[in-house]
Amino acid sequence: MAPTKIDQGTVIILDMGRNVSEPKNKGEKSFYESAKECVGKIIERKIISKAKNYLGIILLGSKKSCDDFKYIELYRELQAPTWQMIRDLPEKPCKAKGNWFDALIVAFNHFQNGISGVKFVNKQIILITNFEAPSYAEDEDINKVLDGVKENDFEIDVFGPDLYAETKSNDIDIAKKFVEGTNGTTASFEFIMRYLLFHKKKITNPIPWNIDLSIGPNIKIPVSAYIRVKDEPVVKNWLKSVRDPVTNTASTTEGIVKSKVFVNTDNKIICEQADIIKGYYYGQEIIPFSECDKSMLYDPGVKSLNVYGFTNANNISWQSLNGDGLSYLFGSKKDKKAQYTIKCLAECLHELNLVGIVRRVYNTGNAPKMYVLMPVIDAKCICLSLIGICYKEDLKNIAFPPTNSKKYACTDEQVKAFKNLIQAMDLTKAYEESDFDDTEAFPIAETVSPSAQYVMDCIAYRAMNPGKPLPPPREEIMLLFKTPPLIQKRAKEPIQKLKSLFQLNKLEVKAKKIISEPMDVDLVQPIFDEHQLNNDKQKMQLNIVDKLFKVEKVETDPTNDFDLLKGGKPLRDLCFEMSQVIERLIFGNIDGNFDKAFNAIQHFRNECVLEDPSYYNNWLREFKTELNDKKKNNILEMLDKKKVNFIIKSENEKSTFINQDEDSQLYENDTMADLTEVTISTQINEMFADI
């Protein structure tokens, strides 16, 4: 069986002996306290990065011993880093003193013999000691060990003391040999903590998307696309687990199992998978979409990248670009002709100021997307870039008032003031050259994301402090939001100048009221005026209905709106408006909560019981018919349950219903239409007589 490939294996040698227990100056941290904090940060960063790393810890100066090496303990074998490693770090140093050179040999032997079935790409040993406990190593042993670590490609780093600034001693000279001989590094705690200030993403090898770039029917260029910029969440997948009530942490043995069931809303029966069909909700009806219908859908075809044509680069504005990232397109590594062709194509597009429009199908069956193929002429490479372009449906049309009129024309003094402000706030000169080597603030592609850093800080804090409230962002993260002091100082005067040149007046924006008016002409009842009949010509006058519900939202509180307008307009109009509101609340509901609608129905019914029950009864009869047509059985059941059915005769004498049954409506005996006498001419009577 092939060994497991691990990107990096690291063994940390942490000195916890008597020589690191006391601080140099009163009130300062001891060497061990700084070393423990540094080791905790290293382990935390390795966990958060989620890289394929193994980590081991060796304690130097421990009471325990490892084989023939006294006061050296193999505290944690090489394994995936865990939060428990940080929790288990010793709180206090010991009184013993260990030999750091022997600890190097123990770490080397553990790499070689302590773990099997694993192949390390990089092997690293981090030594953290102040070298105040002498090693007494002989030159022959030193050279032998140094040759061994070089032969096996080890990297030895020394953290804590600065080997090139500390007072020279024999042990420091030996440590320099190991650092320089293995291309290692040495740094102080202050520098290491600055380096570990922010979390870093796992470094991964780029995986190309290999495809043939098709131009017309005959030209196919093998290319590879590499992701240059990708918009990804900080944490891709959150897993749910059961909380352990004893330790108040996530259980390692119990997890959340999710299951999905489909319930028929009419009879409350769980449906089998075979009886389920997908559908789309349009026009208050569910449109079924079967597997047979899916076969009629548009087939995008196989994996492809086809050039549709070329256009002037000025036709593609940055506002029309979209997608979640940017890719670079190179010729295939195995085909030098393809590399030369892509380079030539990029240079031609750049010279002619053109871009390509391509259609991309990432995998067979995926939805096709349109991309822009733009040339990239850089000192490091010449290639093509691939970025998504919007469809028409993706664009949002926004109307802005014109600003190129004389009314908004700026004076030369105003333009100059803005130029001075821009020059004063130049981020490339945000720091003094005497204080920093790099004077630029917030450099592109080097500034970390504050939100991402805070999310990862919260994860680390929650792992180490379960149950405690999360802390606010630390000071280093908040500094990413602040303007550099030199920029603030330089911009102060130009800003004051702009304030004097541009007089701003505060405008009070009045809140717009939403007014609902009848949109259907059939809703307006015509009124005939008998006094305006002239020359036997009948005239019709359309009644202009008063505006309905003159409040901000019709559905905000229909019962209150009804009471407000009561007495100000006829009951007939109010009842019509109320019924329209109720129907909108019922048929436009998406959350299944009909409390507001039924409160409005109850209020509507109570008012009609006191006034005229015919308005409510006539509407309810038509409403029930519509509910039956749309198969809204749940609403019909709720009407009976809420007791908001027909108004019967016992509640109001004007009602034509004896009981709640719809068939109980009474009709007057003289409902038969009277026959109208018609005078028929004699000729017509004779014609029918002949027949």
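**Figure 1. The loop residue F131.** In this predicted model, F131 lies in the loop that comes between strand 4 and helix 4. Its phi angle is positive, at about 60 degrees, although F131 is not a glycine. Is F131 buried or exposed? With a relative accessibility of 6%, F131 counts as buried, because buried means a relative accessible area under 20%.

**Figure 2. Strand 4, helix 4 and strand 5 as one unit.** Strand 4 covers residues 118-128, helix 4 covers residues 139-151, and strand 5 covers residues 154-160. Together, these three elements make a β-α-β unit that is right-handed. Strand 4 and strand 5 pair in the parallel sense, and 6 bridges are found between them. Within this pairing, Q124 stands opposite E155, a residue of strand 5.

**Figure 3. Strand 5 and its pairing with strand 6.** Strand 5 also pairs with strand 6, which is made of residues 186-188, and here the pairing is again described as parallel, with 3 bridges between strand 5 and strand 6. Which residue of strand 6 is the bridge partner of V158? That partner is T186. Strand 5 is mostly covered, since 6 of its 7 residues are buried.

**Figure 4. The loop residue Y71.** Y71 is found in the loop that links strand 2 (53-60) and strand 3 (72-79). Like the residue in the opening view, Y71 has a positive phi of about 60 degrees although it is not a glycine. Y71 is partly exposed, with a relative accessible area of 36%, whereas F131 counts as buried.

**Figure 5. The packing of helix 15 against helix 16.** In general, two packed helices are described by the angle between their axes and the distance between the axes. Helix 15 (residues 595-610) and helix 16 (residues 613-629) pack at an angle of about 140 degrees, and their axes are 7 Å apart. The two helices are therefore oblique to each other, and their crossing is left-handed. Helix 15 contributes I601, F604, R605 and C608 to the contact, while helix 16 contributes P613, Y615, Y616 and W619.

**Figure 6. The protein chain as a whole.** The chain holds 18 helices and 21 strands, and of its 691 residues, 33% count as buried. Among the contacts between residues at least 6 apart in sequence, 67% join residues that are at least 24 apart.

Note on methods:
Residues are numbered from 1 along each chain as its sequence is written. This is a predicted model: local features need pLDDT of at least 70, side-chain atom pairs count only at pLDDT 80 or more; totals for chains, interfaces and linings use all residues. Side-chain values use heavy atoms; hydrogens and water are left out. Buried means under 20% relative accessible area, exposed over 50%, partly exposed in between (1.4 Å probe, protein chains only). Helices (H or I, at least four residues) and strands (E, at least two) are DSSP runs, numbered from the N terminus. Two strands pair if DSSP finds at least two bridges between them. A crossover is right-handed if, with the strands pointing away from the viewer, the path from the first strand over the helix to the second runs clockwise. Axes are lines fitted to C-alpha atoms, for helices over the stretch in contact, and angles run from 0 to 180 degrees between N-to-C directions. Angles under 35 degrees count as roughly parallel, over 145 as roughly antiparallel, 65 to 115 as roughly perpendicular and the rest as oblique. A crossing is left-handed if the near helix is turned anticlockwise from the far one by less than a right angle, and right-handed if clockwise. Contact means heavy atoms within 4.5 Å.
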